[in-house]
Amino acid sequence: MNVSFLLRQYFQDSENVSIDVFDAQTLNDVYKQVLQTMTAHFEIEVSVLQAMSYCFYEILDNVHIHSGKPLGTAITHFDAQKDVLRVLVADDGMGIQASLAENEKYRNISEEDALLMCIQDTVTDGKGMGFGLYATSRLMKNIGISFILHSGNHKLIYKDGAAKTINNGFWQGTIVYMEITTSQEIDPNEVVEHRTKADEQYNEAFVETDILDELWYREESTFNFKFLDFGTDFGTRDMGAKIREQIRPLINEGEVVTLDFTGVNVVSNSFADECIAKLLIDFPLASLKEKILFKGLNDMAERSILVALQRRIKTQKH
């Protein structure tokens, strides 16, 4: 496989690019390694990782199931300054047209039509469900910058919710390339049309720890910090940072602070990371448990804070 061409074409001038070659036996290891690396970048919103992890695994698995070749290559790069994640998966197998033609329904399909159809729901050669690239196209509708499929002599370019094909050189096999913005909260389960729980699958694999099984609640405290004084819905990192800067001095002064979320409806993952989980930068978990308490969290808000804390702890362990 011409990896040099892939780097020149899709990762020009990018530093710290990760390149992984995988087969059926190492596919899962590469998947976990790449996602663990992404998880360590707190600039990437957790909801993006939850959706991305599902799509990325499906694309890797497509190489194993559909390409007819044993090896694939995954190339990834995160640009923290621009909040852009680039992911490419390539093989030198039979290509999308030949793969779909194994299904009698698509026996006479053209290469252009094969590219256009493979991002539609349930379009498959019969070896899979035909959902991976369709889910990926839905991810692109949410946070996509660029999505390209190159197979044979044609390239599909998907942008702003519309797909077009062009005649653009020859690639033996299939290239799947995507650029996504990473600073925007999305609903990962909406991306997969609620057919599976993408958020829970990611959480179980990449943020659950034995150190923190649940949030802690006690009655005694010396200061009750009411989030309702600031609003009922908390979604932005800016607001999280501002409130954290009010909480930190109270902790430093020796207060036992109750973080009272009574009356609060929404706590996003990004707010939870910025406001609560970033306290772990200044205070070890054992110390933080002695200095803050929680009160009044609804189930979804508690989950957001729990995942944010777990993600920080998991990364610190590594």
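Me: Which residue is the bridge partner of Thr76 in β3?
Reply: In this predicted model, Thr76 has Val87 of β3 as its bridge partner. The pairing behind that bridge joins strand β2, residues 72-79, to β3 in the antiparallel sense, over seven bridges.

Me: And how many residues sit between β2 and β3?
Reply: The two strands form a hairpin with four residues between them, and Asp83 in the turn has a positive phi of about 55°.

Me: What does β3 pair with besides that? Say, how many bridges with β5?
Reply: β3 pairs with strand β5, residues 162-181, over eight bridges, again in the antiparallel sense, and within β5 it is Tyr177 that stands opposite Leu88.

Me: Is β3 buried or exposed, then?
Reply: Eight of the eight residues of β3, which spans 84-91, are buried, so the strand is largely enclosed by the rest of the structure. Val84, Arg86, Leu88 and Ala90 point one way from the strand, while Leu85, Val87, Val89 and Asp91 point the other way, and all of them are buried.

Me: Switching to helices: what is the angle between α3 and α8?
Reply: Helix α3, residues 46-66, packs against helix α8, residues 198-206, at an angle of about 95°, and their axes are 8 Å apart. That angle makes α3 roughly perpendicular to α8.

Me: Which residues make the contact?
Reply: On the α3 side they are Val46, Leu49, Gln50, Ser53 and Tyr54, and on the α8 side Ala198, Asp199, Gln201, Tyr202 and Asn203.

Me: What does Leu35 touch?
Reply: Leaving aside residues up to four places away in sequence, Leu35 touches Leu49, Ser53, Phe56, Tyr202 and Phe206.

Me: And which residues have the most contacts inside the largest nonpolar core?
Reply: That core has 55 residues, and those with the most contacts inside it are Leu35, Phe56, Leu139, Phe147 and Leu149. Helix α3 gives the most to this core, with 11 residues. There is also a second, separate core of 35 residues, which includes Phe225, Cys275, Leu279 and Ala301.

Me: Last one, the whole chain: how many helices and strands?
Reply: The protein chain has 12 helices and 10 strands, and its C-alpha atoms fill a box of roughly 75 × 35 × 30 Å along the principal axes. Of the 318 residues in the chain, 51% are buried. Among contacts between residues at least 6 apart in sequence, 74% join residues at least 24 apart.

Technical notes: Residues numbered from 1 in each chain as written. Predicted model: local features only at pLDDT ≥ 70, side-chain atom pairs only at ≥ 80, totals over all residues. Heavy atoms only, no water. Axes fitted to C-alpha atoms, helices over the stretch in contact; angles between N-to-C directions. Parallel < 35°, antiparallel > 145°, perpendicular 65-115°, else oblique. Contact = heavy atoms within 4.5 Å. Buried < 20%, exposed > 50% of the residue type's maximum accessible area, 1.4 Å probe, protein only. Pairing = 2+ DSSP bridges. Core = buried A, V, L, I, M, F, W, Y, C linked by side-chain atoms within 4.5 Å.
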